[in-house]
Amino acid sequence: MIVSRIVRQQYRPVESSPTAFEAGKSVNFNGLYELTKPRLSLLSVFTASLGFLVHDPLIPDLGLFIALTLGTALAAGGAATLNQWIERKEDALMARTATRPLPAKLVTPEVALSFGIMLSTLGLLTLWVWTNPWATLLTFATLLIYLAIYTPLKKKSPIAIEVGAVAGALPPLIGWVVAAGSPTTYGLILFGILFAWQLPHFMAIAWNHRKDYSKGGFRFHNFNDPLGSKMGLKSFLYSIVLTAFVFAPYFVELNQSAPGYLYLACSCLLSLYLLVPALKFLVNEERDKSARKLFIVTIIYLPLLLASLVIDRYL
């Protein structure tokens, strides 16, 4: 249903570039690989795996863990491919995306569409057969939100960032339900951490690339605020929300034991590490510089926080 809807609404014949395929198979496979947005897909796999490990740090079922990793990787790659297929014309207008496989004509739109459908389907089948229905349902919801809601909304409203953050926050919950069998309070806290983290992260990206996004017709940064103070405020508020989710395990009734002192120490330090640049992005007149700093901080923040939670559970 989701694929047929996208095909009907988004497909436009685009001239292919035979010379791209005449160059040899290496160009073809390299283009397909880049369509999966490897670094972004790796983040989904990483957070899904950590969601599993927070519940079961000793990996009692290696086969289950491998199925989760493989299914998430396939689905994430498929979503990235279909997203680029939908936005191929917009990508061609922006400097930061003009070299992607479709605008660069390394891969034809027909091949990209088939490849994206195949990866997404294989990902869902892997999770259905070897994990559980909850993981499959949440993965399908991720694809639906990302492709059918978030992608078209990017050209209509800055609220698209929050919608995209919902899709981006589901992988750790998927990992949790694979290990736990169903959603629980702890799994929802992991979802909340990933959701709130994405807002300052992508606000910084949206501000730094606002001119490029305007060329593509995207409205991430469009708050009728040329100085960016509204984006700075929103980013700071979500950083506070993120901090609340980070400490939530200590105040919520859980079946599992609360984290220990290692996670507490890391949470305090990392929260301060994030809130300071988020505040500077709000109050600093040199917002471009502050946004770049905030972006770097969010990149460092997330793996350290999640790793500390897993290690703490292991200890």
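Helices (H or I, at least four residues) and strands (E, at least two) are DSSP runs, numbered from the N terminus. The buried residues of α7 are P109, A112, L113, F115, G116, L119, S120, G123, L124, T126 and L127, where buried means under 20% relative accessible area with a 1.4 Å probe, protein chains only. An α-helix has 3.6 residues a turn, so residues three or four places apart point the same way.

A word on the model itself: it is predicted, so local features need pLDDT of at least 70 and side-chain atom pairs count only at pLDDT 80 or more, while totals for chains, interfaces and linings use all residues. Residues are numbered from 1 along each chain as its sequence is written, and side-chain values use heavy atoms, with hydrogens and water left out.

Taken as a whole, the protein chain has 14 helices and 0 strands. Of its 315 residues, 52% count as buried. Among contacts (heavy atoms within 4.5 Å) between residues at least 6 apart in sequence, 75% join residues at least 24 apart.

Helix α4 (residues 38-55) meets helix α9 (residues 160-180), with axes that come within 7 Å and cross at roughly 35°. Axes are lines fitted to C-alpha atoms, for helices over the stretch in contact, and angles run from 0 to 180 degrees between N-to-C directions. This crossing of α4 and α9 is right-handed, that is, the near helix is turned clockwise from the far one by less than a right angle. On the α4 side, the contact involves S44, T47, A48, G51, F52, V54 and H55, and on the α9 side P171, P172, G175, W176, V178, A179 and A180. These split into 9 nonpolar, 5 polar and no charged residues; Ala, Val, Leu, Ile, Met, Phe, Trp, Tyr, Cys and Pro count as nonpolar, Asp, Glu, Lys and Arg as charged, and the others, Gly among them, as polar. The buried residues of α4 pack against α5, α9, α10 (185-208) and α14 (287-314).

Helix α5 (residues 62-86) also pairs with helix α8 (residues 133-153), their axes coming within 10 Å and crossing at roughly 15°. The two are therefore roughly parallel to each other, a label for angles under 35 degrees. Their contact includes 8 nonpolar, 3 polar and no charged residues.

Conventions
Angles under 35 degrees count as roughly parallel, over 145 as roughly antiparallel, 65 to 115 as roughly perpendicular and the rest as oblique. Buried means under 20% relative accessible area, exposed over 50%, partly exposed in between (1.4 Å probe, protein chains only).
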